[in-house]
Amino acid sequence: MPALPDLENPAIFAAGRLPGRSSAWPRPDLASALTGSYERGAWVQSLNGDWAFHWSPEPSACPSDAHQIDCDTTGWSTIPVPGQWELHGHGTPIYTNWRYPFRCAPPAVMAEPDPSWTSATERNPTGCYRRTVTISADWLAGRRVVLHVAGARSNLTLWVNGERLGFSQDATSPAEFDLTDSLHVGDNQIAIIVTKYCAGSYLEDQDMWRLAGIYRDVFLVSLPAIHLSDFHSWGELDAGYQDGLAHCHGQLALADTLADGWRVRAHLSHADGSAAAPAREVAVQADGSFGATITLAQPAQWTPETPQLYRAAIEVIDPSGQITEARAQNLGFRRVEIIDRAFCLNGVPIKIKGVNRHEFDPDCGQTMSTERIHSDLCLIKQGNFNLVRTSHYPNDPRFYELCDSLGLLVLDEANMESHEIGYHKRTLPGDLPEWRAASEDRMRRLVIRNRSHPCVVMWSLGNEAGYGDAFPAMAALARSLDPQQRPIHYADMNLPADMDSQTYPPVDWLLEHVENRATRKGEQGQSSNEEQHGSYPSGKPFLMNEYCHAMGNSLGNFQDYWDVIDAHRQLWGGCIWEFNDHALRRKLPNGTTVWAYGGDFGDTPNDSNFCIDGLVAADRTPHPHWHEVQQVQRWIDIDAASDDFAQIRVRNDHAWVSLHNFELHWQHLHNGEVITTGRCALNAAPGACDTLTLAVDTSPAGEHVVNCVCTPRLDLPWAPAGTVLARGELRCGSYTPTDPVPPTPEAAADENTPRIDPTHGHPLTWHSAGRDWLLAAPVLNFWRAPTDNDRGWRMPEQLAPWRDAGRCAQLIDHKHEGETRSISRYALPDTGYECTCTWNYRHAQCIEVSINLRCIEPQHPLAEIPRIGCQFQIPSDLDAITWYGCGPHESYADRHQSALLGRHEAAVSSWNHRYLMPQECGNRSGVRWARLADVTGRSLCITSLGQALNLSAWRWTQHDLESTSHDHELPQRDAITLNVDLAQMGVGGDNAWGARVREAYRLPSGRDYQYAFRLEVAP
């Protein structure tokens, strides 16, 4: 096999690799520097595309001559670069959350694993890459040629024309090598060998698919012999946030020693290339360093709402006056500070409405196209987020450029996680000297590459890697390299950080924290100590680096978090976990394409569907809780300015922009019928309000609702005109159901009264208007198909008696009151409850149902009830549903801010959100009435008689939801399961591994419940 470095030595993490630098490319002149793109340039040659490729299950099995100049690649395959080999038929994708996919025995990665593990047969998958590159004479005429590999997981070893030139670990930072002395004019052979695991993998134990390969771009770069090894720039605002200084600092790489007379000229340009200020020319120091400052009065300031960018550029001028090189990068004038424990940008306190985002594509894995990054960031902006945490590593360089231009703050995180052995422990890297240099190297390369980007407002030392001496050293290094002194974050060791942080604190913990009486602990209750976090209280501000775990049907009580965050200056906000599901697209043997999660590829060990925890699906389809987050985080708020809604108040919560490019669309409903609609222009200044007069009449008796949405009038860089960014709902009066409609004489002549179960009193069949409306007897239902959160706190075990309480209800007594009314009383075994059901047959087309749930054992150990309802099986052709209730998307007791009360329409076949792991779904709360109709217009109507209903309708059964593991396995039943419920408990959302639904959103046992509704046929 080719000679590889010691892959299991943590002290060997690089050889022959050039120092880190910013991501600005060299250009031959200022014009091309100002206008050049990431992928193209006169001195940049992309090596993306097909490479010859050979995959082996471990290094010893790769071809012995894979690195040699005359290697015979006959029989090799090809693979696209960038790309990840498991997604191209080589090896097995593995998903684990915190477990290493190899036997954990640091620093070894080749130890004998459990024989059931994937690594038993794929011990350390190895990919051999080869490509011929043609080098022209002008690229070697007194110049240097550098190979740039933007990302390879987990390491790479490089040969050029058979000569080994270098080695690099750190899968998410670029690796550059000077190839000049090994190249010749004409064809040259580049060979790169990548192994999936190495000692550095112990610092890359992130919650993600474990995929390998050269997954980011590869370039050749031509450089003058004396060239910029790096330069960085930043815009500084003065103490009054008025005037600015543009700083440009850098370093020339010296061929030998630098002759006198070398200079650099610093430029500051507007985004269109025009000069913003006179250029500044300075001499280069003898050691190659330089610094230039340009003064600009009252520059346009960079904020997430007004991302005003300039371009900072450097021209290198040799002693003869020739320009030898130019580079340019974004520059934004902004100032990040902590003032009185608030996070402030340009002197303005703002809250962090953040989201964690892995680099992930369902088809390409961690290979991200520019289009994918851009669409992600636009969607994030549309969700009213203002910050992205790069969980848990440096991202593709284009990500930062797009955040600069679109206006997204970035919490930039080092590639450092040792979750399985490090979380909340002083183990690895801890205080171990053999891991210190690699830890510091990861921090150094992060800061040096990204410090020029105005979007980056905080550094993170990593994630879930425990604590120890390595982290204060990394923090000190970041501060020494960052002239802007951005705040530093690290949740596992707050001591060296500028803020306190903790993952997944519940709302009640936050309230305790602001009163200085909380107990610091990890996600699983791990204890903390002063060596880790310092004394408590620390007096620092607080940021939730992860909160509100968005797994499955989740994100309950999100509004509760923000009620607390908004009330306390020292609570900065947080970053939701996470943006998107990590499902891979998988083709089944029958050709069907489905979504896959951990274990679906036979990967072992795996953490199943724990990677399905996003606000949006893998294809970026929003989950219902996406809308909730968008609404709670809205920057425009709407409320009533008068009791009759004739005037409404629209408050602008933006800090820097007015609402002149927004408009408000409204509709007035009376008892669910739309009466009037309108549109109003908006113009409120930041922090101010518009008061608008609406043409509404709320005097008629009944329930009045004014629903409003705010949208951009014109296209924004990140949202088309008409995109809903905020909602508002105003209500007055109360809904009163109408009396049942008497049957027409013609219909009555053809009616049969419902066939009644003589023992239980409920209808067995219901034939009316020429058809059957019930396919089975109704069933009391006190259960729901467990959500991911439910499974996390063991709801199925703890509340098990409710699962079959309705189906196994034991009749206590039954009586008839005349011919049209029956009353049945049931015992619900092992629950401490009994239930009385009353069926009142008003006429052949109308049944009124009353359900009374009475507690008879107040001290029964069951703490709560999952659901209180009645379940019907109705014909499958009743597919068109119209309802007056909350919508249009699903809503629950603790997640309903974004679901407006109104009249909505949908098809049952598309009404339910298909969570990848089937679970409770589709609930609509606040339902006053609903109508399910067939194509002829015949319909079944459900009307609340008192308290509003919860309603859901599925093409499958509750058992189907509970017994299948993937959405594509759900059968399409020839019936609709209709749930007419009083209520069900909230979905929760603090975390998915033990947090119960908040008490306010439970259905506690020990109390009585009752509700009533009407079923009515409309011919």
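Reply: Buried here means under 20% relative accessible area, exposed over 50%, and partly exposed in between (1.4 Å probe, protein chains only). The model is predicted, so local features need pLDDT of at least 70 and side-chain atom pairs pLDDT 80 or more, while totals for chains, interfaces and linings use all residues. Residues are numbered from 1 along each chain as its sequence is written, and side-chain values use heavy atoms, without hydrogens and water.

Start with Arg442. One of its partners is Asp170, with the closest N and O atoms 4.0 Å apart. Arg442 lies in helix H6 (residues 433-450) and Asp170 in the loop between strand S10 (163-169) and strand S11 (175-178), so this contact ties together parts 272 residues apart in sequence. Helices (H or I, at least four residues) and strands (E, at least two) are DSSP runs numbered from the N terminus. Both Arg442 and Asp170 are buried.

Glu204 also forms a salt bridge with Arg442, at 3.0 Å from N to O. Glu204 sits in the loop between strand S12 (186-195) and strand S13 (208-210) and Arg442 in helix H6, so here the parts tied together are 238 residues apart. Glu204 is buried, as is Arg442.

A further salt bridge joins Glu703 to Arg928, with N and O 2.6 Å apart. This pair, too, links distant parts of the chain, 225 residues apart: Glu703 is in the loop between S40 and strand S41 (704-712), and Arg928 in the loop between strand S55 (924-927) and strand S56 (929-933). Glu703 and Arg928 are both buried. As for shared partners, salt bridges join Arg153, Asp170, Glu204 and Arg442 into one network.

The loop that holds Glu703 has S40 on one side. Strand S40 (residues 689-693) pairs with S37 in the antiparallel sense over 5 bridges (pairing takes at least two DSSP bridges). In that pairing, Val650 stands opposite Asp690 in S40.

Definitions and conventions:
Salt bridge = Lys/Arg side-chain N within 4 Å of Asp/Glu carboxyl O.
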